[in-house]
Amino acid sequence: MWVIYAFGAALFAGITSILAKIGIQNTDSNLATALRTGIVVIFAWIIVFAGNIHHTLYDISLNSLVYLILSGMTTGGASWIFYFRALQLGNVNVVVPIDKSSTVITMLFAIIMLGEPVTILKIISMAMIGAGTYMMIQRQEVEQSADRSRKWIWYAVLSAFFAALTAILGKVGIEDGDSNLGTAIRTIVVLIMAWVIVFATKKQGGIKEIDKKSWIFITLSGLATGMSWLFYFKALQEGQASIVVPIDKLSIIVTIIFAYIVLKEKLSIKSFAGLILIILGTLLLLI
């Protein structure tokens, strides 16, 4: 079942990227992130109370709570902020593959830090995913100045690094408890971190300037994120992080399809070949 959960997470994560891209076109990325996180918090706690899980809140160990908080901090304080800033400045078809390079980093962390088994297939898979990601970020068609390009590339790289840490910390944090409750707790931390950044950059006044269309897409992206996280951390709790994370990153397929249809962004032949490598490398893990 955890494989199915991982594919569910991938589907909603892919939808999230497109909805978020549209929602932040005319809105500050940090402010949009904080607002959509609020939607995720509400959604996550509705699931907790609907499932009558809230009564287990006091059973969470201090160790698990610490890891959940750290996982939330690396998400809201780092990965998300860098990711959505990169999305705002860059091309979806390039930003997303760079962010998805966190797959290989996470697999390495899972093997080293969590002691997950190393197999020949897993090594081959990591090589294929890494090579495919590299091929996808070698696009020359990005219509931005060199100076601006360097900025969003760094944002995307930092997002990938902290996303890898998030997965490892999150898995440790939910090992002894319910994954939905763990998701709800860490999401509160993400929300706090997101709003701290908004107020630190004095962007809170921008709420008044958000148009109706942006509000709709920010809300929808928040709901999609909530669904993605619920599936993702349930899969992490029951399965191997070195397999769950690569499957989740197949969200890139959904993202690219939507980017092609909705945003009219196209892949080069080289980028398409890289995408095929990533898909095959991920599916190899399921053998």
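## Two loop residues with positive phi

Let's start in the loop between helix H2 (29–50) and H3, where Asn-52 is found. This is a predicted model, and in it the phi angle of Asn-52 is near 55°, a positive value in a residue other than glycine. Asn-52 is partly exposed, and its relative accessible area is 46%.

Lys-202 has a phi near 55° as well, again positive in a residue other than glycine. You will find Lys-202 in the loop between helix H8 (179–200) and H9. Is Lys-202 buried or exposed? Its relative accessibility is 69%, so Lys-202 counts as exposed, since the cut-off for that class is over 50%.

Ser-268 sits in the loop between helix H11 (251–261) and helix H12 (269–284). With a relative accessible area of 16%, Ser-268 is buried, because buried means under 20%.

How many aromatic pairs does the structure hold? There are nine. One of them joins Phe-82 and Tyr-155: the ring centres are 6.2 Å apart and the planes meet at 20°, so this pair is stacked. Phe-82 belongs to helix H3 and Tyr-155 to helix H7, so the pair ties together parts that are 73 residues apart in sequence.

Phe-162 lies in helix H7 and Phe-82 in helix H3, so here the parts tied together are 80 residues apart in sequence. Phe-162 is partly exposed, with a relative accessible area of 22%. Together with Phe-161, the residues Phe-82, Tyr-155 and Phe-162 form one aromatic cluster.

A search of the whole structure turns up one salt bridge. Its partners are Lys-234 and Glu-238, whose closest N and O atoms are 3.1 Å apart; that counts as a salt bridge because the cut-off is within 4 Å. Both residues belong to helix H9 (residues 212–238), where they are four residues apart, about one turn of the helix.

How exposed are the two partners? Lys-234 is partly exposed, with a relative accessible area of 23%. Glu-238 is partly exposed as well, with a relative accessible area of 40%.

## A covered helix, H10

Helix H10 covers residues 241–248 and is mostly covered: eight of its eight residues are buried. The buried residues of H10 are Ala-241, Ser-242, Ile-243, Val-244, Val-245, Pro-246, Ile-247 and Asp-248.

## The largest cavity

Rolling a probe the size of a water molecule over the atoms shows where empty space is left. Here, a search of the whole structure finds two cavities of 30 Å³ or more. The largest cavity holds about 440 Å³ of space, and 28 residues line it. Which of these residues lie nearest its centre? They are Ala-13, Trp-80, Trp-229, Asp-248 and Lys-249.

Several helices contribute to the lining of the largest cavity. At least two residues each come from helix H1 (2–23), helix H3 (62–89), helix H4 (92–100), helix H5 (102–113), helix H7 (146–173), H9 and H10. By residue type, the lining divides into 11 nonpolar, 11 polar and six charged.

## A charge over a cavity-lining ring

Trp-229, one of the residues nearest the centre of the largest cavity, has another partner to look at. The charged end of Arg-186 sits over the ring of Trp-229, at 4.7 Å from the ring centre.

Conventions
Residues are numbered from 1 along each chain as its sequence is written. This is a predicted model: local features need pLDDT of at least 70, side-chain atom pairs count only at pLDDT 80 or more; totals for chains, interfaces and linings use all residues. Side-chain values use heavy atoms; hydrogens and water are left out. A salt bridge is a side-chain nitrogen of Lys or Arg within 4 Å of a carboxyl oxygen of Asp or Glu. Buried means under 20% relative accessible area, exposed over 50%, partly exposed in between (1.4 Å probe, protein chains only). On a 1 Å grid over the protein atoms alone, a cavity is a set of points where a 1.4 Å probe fits but cannot get out, and a pocket is an open set with protein on both sides within 12 Å along at least five of seven lines; lining residues have an atom within 4 Å of a point. Grid points are joined across faces, edges and corners, and a volume is the space filled by probe spheres set on the points. Ala, Val, Leu, Ile, Met, Phe, Trp, Tyr, Cys and Pro count as nonpolar, Asp, Glu, Lys and Arg as charged, and the others, Gly among them, as polar. Rings of Phe, Tyr and Trp (its six-membered ring) pair if their centres lie within 6.5 Å; planes under 30 degrees apart count as stacked, over 60 as edge-to-face and the rest as tilted. A charge sits over a ring if NZ of Lys or CZ of Arg is within 6 Å of the ring centre and within 35 degrees of the ring normal.
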